[in-house]
4 protein chains.
Amino acid sequence: MNNSPSKDQTLKGLFIRVRAMSLALTAPLSAEDSCVQPAEEASPAKWNLAHTTWFFETFILERWEKPFRPFDSAFRVLFNSYYNAVGEKHPRPFRGLLTRPSLEFVLEYRHKVDERILRLHDDVWGEPEFQSLLELGLNHEQQHQELLLTDQKLLFSLNPLAPAYHERRLTASSGVPLSWKKFPAGLVEIGHRGEAFAFDNEAPRHQVFVQGYQLASRLTTNAEYAVFVEQGGYDDPQYWLAEGWDWRTKQGRTHPLYWRPHAQGWSEFTLSGLVDLDPNRPAVHLGYFEADAFARWAGARLPTEAEWENAAQTVPFTGHFAGSGEFHPRAAPEGELVQMLGDAWEWTSSSYAPYPGYHAASGAVGEYNGKFMVNQYVLRGGSCATPDDHVRTTYRNFFPTWACWQFSGIRLAREA
Amino acid sequence: MNNSPSKDQTLKGLFIRVRAMSLALTAPLSAEDSCVQPAEEASPAKWNLAHTTWFFETFILERWEKPFRPFDSAFRVLFNSYYNAVGEKHPRPFRGLLTRPSLEFVLEYRHKVDERILRLHDDVWGEPEFQSLLELGLNHEQQHQELLLTDQKLLFSLNPLAPAYHERRLTASSGVPLSWKKFPAGLVEIGHRGEAFAFDNEAPRHQVFVQGYQLASRLTTNAEYAVFVEQGGYDDPQYWLAEGWDWRTKQGRTHPLYWRPHAQGWSEFTLSGLVDLDPNRPAVHLGYFEADAFARWAGARLPTEAEWENAAQTVPFTGHFAGSGEFHPRAAPEGELVQMLGDAWEWTSSSYAPYPGYHAASGAVGEYNGKFMVNQYVLRGGSCATPDDHVRTTYRNFFPTWACWQFSGIRLAREA
Amino acid sequence: MNNSPSKDQTLKGLFIRVRAMSLALTAPLSAEDSCVQPAEEASPAKWNLAHTTWFFETFILERWEKPFRPFDSAFRVLFNSYYNAVGEKHPRPFRGLLTRPSLEFVLEYRHKVDERILRLHDDVWGEPEFQSLLELGLNHEQQHQELLLTDQKLLFSLNPLAPAYHERRLTASSGVPLSWKKFPAGLVEIGHRGEAFAFDNEAPRHQVFVQGYQLASRLTTNAEYAVFVEQGGYDDPQYWLAEGWDWRTKQGRTHPLYWRPHAQGWSEFTLSGLVDLDPNRPAVHLGYFEADAFARWAGARLPTEAEWENAAQTVPFTGHFAGSGEFHPRAAPEGELVQMLGDAWEWTSSSYAPYPGYHAASGAVGEYNGKFMVNQYVLRGGSCATPDDHVRTTYRNFFPTWACWQFSGIRLAREA
Amino acid sequence: MNNSPSKDQTLKGLFIRVRAMSLALTAPLSAEDSCVQPAEEASPAKWNLAHTTWFFETFILERWEKPFRPFDSAFRVLFNSYYNAVGEKHPRPFRGLLTRPSLEFVLEYRHKVDERILRLHDDVWGEPEFQSLLELGLNHEQQHQELLLTDQKLLFSLNPLAPAYHERRLTASSGVPLSWKKFPAGLVEIGHRGEAFAFDNEAPRHQVFVQGYQLASRLTTNAEYAVFVEQGGYDDPQYWLAEGWDWRTKQGRTHPLYWRPHAQGWSEFTLSGLVDLDPNRPAVHLGYFEADAFARWAGARLPTEAEWENAAQTVPFTGHFAGSGEFHPRAAPEGELVQMLGDAWEWTSSSYAPYPGYHAASGAVGEYNGKFMVNQYVLRGGSCATPDDHVRTTYRNFFPTWACWQFSGIRLAREA
């Protein structure tokens with residue numbers, strides 16, 4: 001007799017847990033906090049809650065529920081993010097104007113869609129295509145859970161009152177020295193293979209030739225980055241890409257996004273509010289231009305994604321993710337190669353591009369990844385805001401060079 | 001024995017009533033509705049509630065309360081609109097990012113400041129300077145009551161769900177024909193004189209020579225304006241000021257801000273939601289360029305403010321203001337010269353400028369009016385969103401030419 | 001026997017002289033100098049030469065020459081400035097991209113159109129309507145002669161080499177103290193009346209009531225304006241209109257457009273190149289916001305156009321215009337009321353608006369003035385770059401508040 | 001006895017020929033044509049002539065001429081393009097405002113610098129470092145020769161008169177069908193190795209693993225691209241990268257930059273003026289987004305630069321370059337793999353990035369390439385405007401995705 005749960009039962013449990021986690025993350029937020037959009041690239045928490053629900057309603061209920069009736073016919077347009085194949089979209093910059101539907105009504109929307117998904121016939125739950133879309137929806141929701149935290153952090157950071165998302169106290173930490181780990185030249189394999197869920201952009205698994213290289217044993221710390229800042233790194237064009245120098249000039253950027261100078265040094269705005277900058281924790285909320293400039297100043301460079309993934313395959317899968325509930329990166333432990341997973345997304349020097357043989361899915365979900373493969377750079381490893389079971393060593397996150405509002409940091413690389 | 005209340009007792013009553021009215025106006029709004037800023041020129045309801053309170057705390061409590069302790073020291077900057085003499089200001093475009101302080105806390109702020117004002121010693125209440133600043137504060141708050149309605153209307157208009165501010169039903173109305181009323185040439189007097197409250201920009205009373213002229217008996221109606229629209233008025237540069245033509249082109253404007261075309265004609269977005277355009281009600285939410293273009297198309301022109309005020313002095317002070325609770329202009333009644341007060345602000349062709357001999361008050365309140373006297377045009381008469389006891393025939397409202405989000409309409413003028 | 005020349009013979013002479021003056025003014029310019037557009041609001045010299053010719057070809061030859069053949073059919077669109085009734089226009093910001101037609105070809109265009117105008121039959125030259133359009137064309141060309149100088153000055157000022165337009169040396173001058181001249185309150189008449197040429201915006205002559213006032217005896221000097229600059233006038237918002245303060249902040253303006261700080265004081269960029277700032281010459285190239293701020297700082301104000309014109313009628317018509325060939329304002333002579341004409345345009349506080357009873361001409365030339373009557377301010381008196389026989393005491397020039405590239409200065413006014 | 005010329009004599013000849021070619025290319029241009037800047041990314045011809053001379057003066061004469069005196073001390077700043085290590089730069093958008101120095105004076109500048117270079121002592125000419133900088137300067141000048149043509153084409157294209165750069169007639173051509181050439185998977189080598197001149201970004205030569213792939217035998221033709229246009233390719237987001245769709249929407253782009261619709265089909269603006277679109281010639285002046293969208297529509301993709309270079313190594317080095325004096329791409333000849341060199345730059349899907357082990361040169365010339373390695377895409381093969389002896393199979397050109405003003409076209413690739 002086989003007591004192990006079937007895939008559809010496992011999926012049901014996962015569905016319930018992931019959906020509940022989104023609610024848990026918004027618990028500290030008032031209706032006002034949930035409604036406002038801090039910048040064009042960030043979304044209100046309420047919108048995140050509704051859009052992830054829209055995904056299940058549109059791609060699952062519309063197809064498998066008979067007869068299907070939309071929860072609210074306006075939502076099809078209102079909460080479509082960027083799927084042209086679904087039709088019209090409410091313009092991205094206006095997401096924060098939607099004081100209606102109320103947060104309460106969006107919570108009801110979530111509740112009703114959840115019920116209807118869970119009520120779908122067992123035959124539906126057994127269908128591979130259903131399972132694969134449901135998994136996509138859950139992974140999609142987990143991505144928005146991370147965004148929900150970083151979008152909210154951005155919003156609070158723009159408030160002169162510097163409100164804290166939660167009361168969690170960040171304690172002082174101790175540091176470890178940086179060492180270098182060598183990897184030989186050779187043909188290596190990267191990319192996703194097999195049955196388990198992965199986004200389409202992680203496949204196919206394929207061979208890449210890498211030169212010999214070294215990776216820093218841990219992420220760059222605040223203390224290390226502060227030297228760059230204090231020695232005039234932001235004022236010397238020789239460290240910067242030309243476009244990065246223009247960016248820094250136009251933004252008037254002289255230090256990382258969430259650092260605040262004070263008489264004795266630096267504070268950092270965190271989800272626990274404004275705190276003293278901890279020298280041993282990783283420097284985060286850096287854009288690509290800053291990561292690249294720091295690396296050049298340090299006589300090193302950023303790793304390629306093949307270098308990163310090749311190395312990540314050699315270490316156990318462990319890291320500090322959102323499950324700890326801290327939502328801030330921790331100082332590195334001892335080790336030859338640590339912090340590869342969790343703490344902070346690591347900028348690579350690789351432009352986001354399709355792997356050889358990549359094919360986008362057909363239909364609307366084919367718009368998930370492929371159409372963004374230009375003028376963005378790949379980040380690897382997940383962060384302290386990434387759900388624990390969300391990333392893989394093959395996972396490819398991507399953002400434009402100017403993006404700073406994610407927990408993005410630096411792991412240095414250099415020639416062997 | 002004299003039973004009439006003293007001025008300070010009257011003022012106390014007025015203070016209580018005006019402050020309560022602001023709360024009443026926000027009753028239909030959720031915390032989310034109150035927090036969001038629809039455009040740079042408009043403010044969130046919560047901000048309006050806080051800023052009007054800041055005015056009393058900063059200009060009255062700081063001066064007369066001994067010892068004075070600020071309710072919250074951050075508010076001095078946070079809710080300063082534009083008073084440079086008070087110090088730093090939170091930037092106008094970011095008012096909508098303040099999800100904290102919460103609406104609840106702002107309501108407490110109002111409550112506490114009200115209490116403290118009312119607790120000020122009777123001697124203070126008897127001081128003429130105190131009385132004059134308190135009156136200014138109350139008139140200031142009434143201006144924000146009107147803005148609160150028009151800002152909220154703008155916000156709701158940008159929501160595809162077109163939410164209604166209240167359930168009030170607008171019933172069909174009947175129209176009256178337009179006639180012209182003549183006024184002879186001569187030296188006339190305009191401007192405020194005497195003891196009663198007026199803004200500094202209404203004084204001094206002075207002589208102006210006006211040529212003979214005629215005024216339309218009532219405001220331009222939706223039906224009249226629709227002919228202009230439907231006969232291609234928005235597509236023919238001959239009716240437009242050059243800068244107006246550029247404005248209309250850049251905005252893609254082909255009809256008034258809140259009109260929506262449908263198969264059988266036009267809907268209008270109102271504070272009661274989306275309704276059929278009522279042909280007999282006044283056309284509102286027109287910018288200066290639209291008002292001027294319509295007038296030229298109609299073979300007429302806009303009145304000067306001297307022409308308007310000279311005429312307004314001849315009619316009884318009566319009109320449809322906010323007190324009715326409708327917040328939408330009504331169709332004109334019969335009469336030789338009606339709707340001069342209330343229903344809709346009337347664009348004049350007069351650029352907003354100081355009257356001869358005008359002097360701004362000294363100190364921070366001197367920034368109230370004078371510094372805006374350029375590149376704006378005067379509107380007269382108050383609207384359906386203006387508190388009933390707020391305006392006078394000498395009252396000078398002013399907005400830039402592109403502003404459309406007020407209840408602004410047209411009264412035609414022509415040579416005698 | 002009557003030996004006085006007929007009006008058409010006078011006009012012929014005038015035509016020849018005015019057309020020749022435009023060429024004379026461009027003599028110091030290379031083909032390169034003539035082609036480039038320094039800013040959207042300014043035009044290349046070549047464009048000015050062509051557009052003024054287009055005016056005669058379009059409004060005169062097209063109507064009176066039989067049969068009419070355009071010199072080049074593309075020019076109708078290419079050199080139309082803003083006449084919608086004539087049809088399409090080449091977009092204003094792209095005037096500087098027209099390296100073809102060459103300067104040489106434009107000079108041939110001028111020559112050919114001149115010949116054809118002068119060859120028109122005597123009957124045509126005798127027609128009042130022809131005469132009136134020709135006069136308009138010549139006055140139009142004179143306006144462009146002034147623009148040609150100020151546009152070229154702007155272009156050269158943006159060149160780090162600071163090239164001089166001509167070799168004329170500016171010699172040091174001596175100053176006279178400022179006094180005030182009083183004018184009583186009363187009904188006065190302003191505006192153009194009679195047969196002689198005037199632009200439509202100068203009519204009709206009409207009565208205005210003015211309060212008693214005083215005017216400064218001469219223009220504000222560089223020395224006076226330098227005190228304002230050096231005492232922090234540009235850093236203190238209390239002197240500025242709110243919109244002016246924003247303008248100054250966005251522009252980073254800390255002194256007049258053509259002033260350059262150096263170790264010992266100030267240089268000024270002139271059409272004679274970079275020279276030491278002459279303390280006794282009038283401060284010029286000021287925008288409305290600067291003029292208004294200086295006046296407030298000086299405890300005075302700008303005059304209205306009625307005040308200015310009323311005063312101008314009391315002094316002999318004399319002034320320093322372009323005829324001197326210096327193209328820079330001179331220091332004031334002794335006198336009760338001097339420099340009313342010439343030297344520098346004087347900003348008035350009057351918004352540019354139609355006079356009571358104003359009617360634009362019909363047809364395309366009706367677009368000459370009326371459609372600009374919004375958000376601009378009137379300047380009076382002509383400048384050192386205005387042709388000597390071009391202005392009148394009734395002449396109304398107008399520019400937006402931000403415009404600084406004309407020879408615009410300040411005459412203070414105050415209450416009597 | 002060895003009669004072959006020494007390297008320094010060969011270099012002298014090359015110097016004379018390359019410098020003369022720049023003059024030859026500007027022969028059809030008037031001083032006006034040479035002065036104007038059509039867009040921020042393009043430069044005036046005069047500026048190109050001066051900047052290439054500045055390169056020799058700054059990097060060679062300043063170092064080897066004793067004593068060195070600058071031709072004109074202002075030029076060091078005026079004609080510095082982007083070398084921060086040299087000091088200040090005249091801002092790029094203002095290059096077109098420099099009507100002075102005159103074209104004539106810039107020609108004298110060229111002449112004088114040429115003389116001084118050629119007069120440098122034989123010992124200097126024999127120094128390897130001198131030779132290497134001189135070669136860099138000549139290759140730099142050749143790059144500007146191509147830009148000079150494409151910048152001028154852009155300028156003329158913006159003139160409604162559509163002037164032709166030269167009288168060369170483009171004759172109708174015949175076409176060849178497209179076939180596919182296969183390349184097997186494997187480790188291949190790309191990049192520059194050896195003594196001959198190459199830019200630093202072409203090195204080091206290194207191994208890359210490529211999957212099996214196919215390349216189109218020739219460039220995409222106008223006829224092929226017209227099908228994409230006419231079947232609505234520009235109106236269907238499914239073919240476009242998300243950022244490309246936004247670009248196309250904001251630009252209002254519905255066809256390639258230089259195509260003009262007419263009643264019977266298409267014209268194309270060329271350096272020979274406006275001509276009928278030749279169906280058999282390659283489609284050019286396409287941006288990355290257009291190339292990528294066309295490839296997706298065609299069921300193919302763009303090649304990577306490794307794929308391209310691997311293939312290019314298999315064909316003889318031959319192509320249609322600027323030497324023919326046509327400056328327009330020709331129709332493809334018969335062949336398995338043709339047009340790899342010349343005719344049109346071929347967009348690759350490779351983001352411009354450093355090769356493994358890349359090191360920028362030290363000093364100012366180190367700014368030549370490395371600092372641009374972000375958010376740009378690599379183009380390969382040279383064009384009809386590239387000097388004949390300028391490119392190599394290892395040559396890496398690069399432009400941002402939006403750039404369309406180069407002769408950039410499409411070679412399709414697909415999986416094997």
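A: Of the interface residues of chain A, 100% are also interface residues in chain D, so the copies meet through the same surface; contact here means heavy atoms within 4.5 Å. The model is predicted: local features need pLDDT of at least 70, side-chain atom pairs count only at pLDDT 80 or more, and totals for chains, interfaces and linings use all residues. Residues are numbered from 1 along each chain as its sequence is written, and side-chain values use heavy atoms, with hydrogens and water left out.

Q: What makes the relation of chain B to chain A that of a two-fold axis?
A: Chain B is superposed on chain A by a rotation of 180° with 0.0 Å of shift along its axis, at RMSD 0.0 Å (least squares on the C-alpha atoms of residues with pLDDT of at least 70 in both). That is the relation of a two-fold axis.

Q: How many salt bridges count between domain 1 of chain A and domain 2 of chain A?
A: The count is 0, where a salt bridge needs a side-chain nitrogen of Lys or Arg within 4 Å of a carboxyl oxygen of Asp or Glu.

How values were computed:
Chains lettered and ligands numbered in written order.
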